[in-house]
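Please follow this tour with the structure open in a viewer. Each stop names a selection and then describes what is found there.

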Amino acid sequence: VLPACSNLVALMHGRQIHGYMIVNGLGKDGNHKDTDDVPVNNAIMDMYAKCGSMRDAHSVFCKMRNKDVASWNIMIMGYGMQGHGDEALDVFSRMCEAQIKPDAVTFIGVLSACSHAGLVRHGCELLTLMKSKYGVDPTIEHYACVIDMLGRAGQLEDAYELAQAMTIEANPMVWRTLLAACWLRGNAD
């Protein structure tokens, strides 16, 4: 039911379901009432984040005793979707401090957040460090996020050079991203 609320952006229904879960003890591990049911709490956080209530998502996140990589990714993606790049980077930093290993989804969230917030330097640094520092191979989606970020910042030449220099062959998604940036900037060439 929670993903349905997320897809419909039905925040009030999602809050009612979350309230029902609290009253009935759902969201706790059935065998250990003091232990969080991480997938259930992730679904609650995801619903709040996708409905635009990062305050509620953050509240659930902070109350969780156990967090997995998906928990962190939901918060990073949520802040990124809301245009709060600094908060997304802060969560990423705290994730690393907690010694949770970022995955490919983590970097899509962080790079997308950098793109939407205009944090070009941070985004480019993260793309560079993905493999060497974090052991995550950049995919076409990661490159597309950085090309989008460069294009939004008006750095069309850098975006084009990255599309040419990628270790992966550029696909239509990459070229559409670059063309959209050119159109936005009025660069017909």
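## An aromatic pair and its surroundings

Begin by selecting Phe61 and Trp72: both residues are buried in this predicted model. Five aromatic pairs are found in a search of the whole structure. In the pair formed by Phe61 and Trp72, the ring centres are 4.9 Å apart and the planes stand at 85°, so the arrangement is edge-to-face. Because Phe61 belongs to helix α4 (residues 54-63) and Trp72 to helix α5, the pair ties together parts that are eleven residues apart in sequence.

Next, select Ser71, which is located in helix α5 (residues 69-81). Is Ser71 buried or exposed? Its relative accessible area is 0%, so Ser71 is buried. Apart from neighbours within four places in sequence, Ser71 has contacts with Val38, Asn42, Met45, Phe61 and Met64.

For a further aromatic group, select Phe92, Phe107 and Tyr134, which form one cluster.

## The second largest pocket

Finally, select Leu156, Glu157, Tyr160, Trp175, Leu178, Leu179, Cys182, Asn187, Ala188 and Asp189, the lining of the second largest pocket. The space in this pocket is about 180 Å³. Helices α10 (156-165) and α11 (172-185) each provide at least two lining residues; the largest share, four residues, is from α11. Colouring the lining by residue class will show seven nonpolar, one polar and two charged residues.

Key. Residues numbered from 1 in each chain as written. Predicted model: local features only at pLDDT ≥ 70, side-chain atom pairs only at ≥ 80, totals over all residues. Heavy atoms only, no water. 1 Å grid on protein atoms, 1.4 Å probe; cavity = no way out; pocket = protein on both sides within 12 Å on 5 of 7 lines; lining within 4 Å. Points joined across faces, edges and corners; volume = space filled by probe spheres on them. Nonpolar A, V, L, I, M, F, W, Y, C, P; charged D, E, K, R; others polar. Buried < 20%, exposed > 50% of the residue type's maximum accessible area, 1.4 Å probe, protein only. Contact = heavy atoms within 4.5 Å. Phe/Tyr/Trp six-rings, centres within 6.5 Å; stacked < 30°, edge-to-face > 60°.
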